[in-house]
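Please keep the structure open as you read.

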Amino acid sequence: MYPKDAAKAVPTYGKTPKMMEFFNRTFGYDYPWQKYDQISVPSGGGAESTSATAMTHRIMVDEKNEPEFSAIGIVSHELAHQWWGDLITLRSWAHTWLNESFATYSDYLVLPPRPGR
C-alpha cells in the first residue's frame with residue numbers, strides 16, 4: 001500500500017484471514033497456495049492472480065468509516081477467485097461468467113446481513 005494509507009490497511013484487509021477460514025470450510029477445500037498478497041494499486045478495480053490480488057487504493061477506508069464504506073465485498077470477491085478462477089479455471093474466456101458468478105456469490109456469503117437482503 002501507499003505509506004499514506006497505512007492506517008487503512010487493517011480496516012480494509014484485516015478480515016481476510018477470517019474470510020480464508022470461512023471459504024476453506026464453505027468450499028470444502030483449503031486455500032491452495034502458500035501465501036496470499038493484497039496489493040494496492042493506483043487505478044482499476046480488483047484483479048486476481050494466483051496467490052495475489054491487486055485492488056485500487058480507492059477501496060481503502062479508515063476504521064471510523066469502515067462500517068459504512070466497507071471494502072469487504074471486493075476483498076472477498078477477489079479472494080474467492082483463488083478457488084474460482086485460479087484453482088479451478090476455464091477452458092476458454094467464453095465461460096468467464098462462471099468465475100465471476102461464483103466470486104459474486106462468495107462475497108454475498110461473506111457480507112453482513114442488511115435489511116431487505
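## A valine in a helix

Val10 is found in helix α1, which spans residues 9–13. Helices here are DSSP runs of H or I with at least four residues, strands are runs of E with at least two, and both are numbered from the N terminus. Val10 counts as exposed because its relative accessibility is 64%; the classes are buried for under 20% relative accessible area, exposed for over 50%, and partly exposed in between, with a 1.4 Å probe and protein chains only. Val41 sits 31 residues away from Val10 along the chain, and 17 Å separates their C-alpha atoms.

A word on the basis of all this: the model is predicted, so local features need pLDDT of at least 70 and side-chain atom pairs count only at pLDDT 80 or more, while totals for chains, interfaces and linings use all residues. Residues are numbered from 1 along each chain as its sequence is written, and side-chain values use heavy atoms, with hydrogens and water left out.

## The sheet

Now to the strands. An open sheet of three strands runs in the order β1-β3-β2, with mixed pairing. Its edge strands, β1 (37–41) and β2 (46–49), each pair on one side only. On average, neighbouring strands of this sheet are turned by 20° against each other, direction ignored; axes are lines fitted to C-alpha atoms, for helices over the stretch in contact, and angles run from 0 to 180 degrees between N-to-C directions.

Five bridges join β1 to β3 (residues 52–56) in the parallel sense, where pairing requires that DSSP finds at least two bridges between two strands. Asp37 stands opposite Ala52 of β3.

## Charged partners

How many salt bridges does the structure hold? There are four, each defined as a side-chain nitrogen of Lys or Arg within 4 Å of a carboxyl oxygen of Asp or Glu. One of them links Asp37 to Lys35, with the closest N and O atoms 2.5 Å apart. Asp37 is partly exposed at 31% relative accessibility, and Lys35 is partly exposed at 45%. Shared partners also join Lys4, Asp5 and Lys8 into one network of salt bridges.

Asp5 is buried, with a relative accessible area of 3%. Lys4 is exposed at 63% relative accessibility, whereas Lys8 is partly exposed at 26%.
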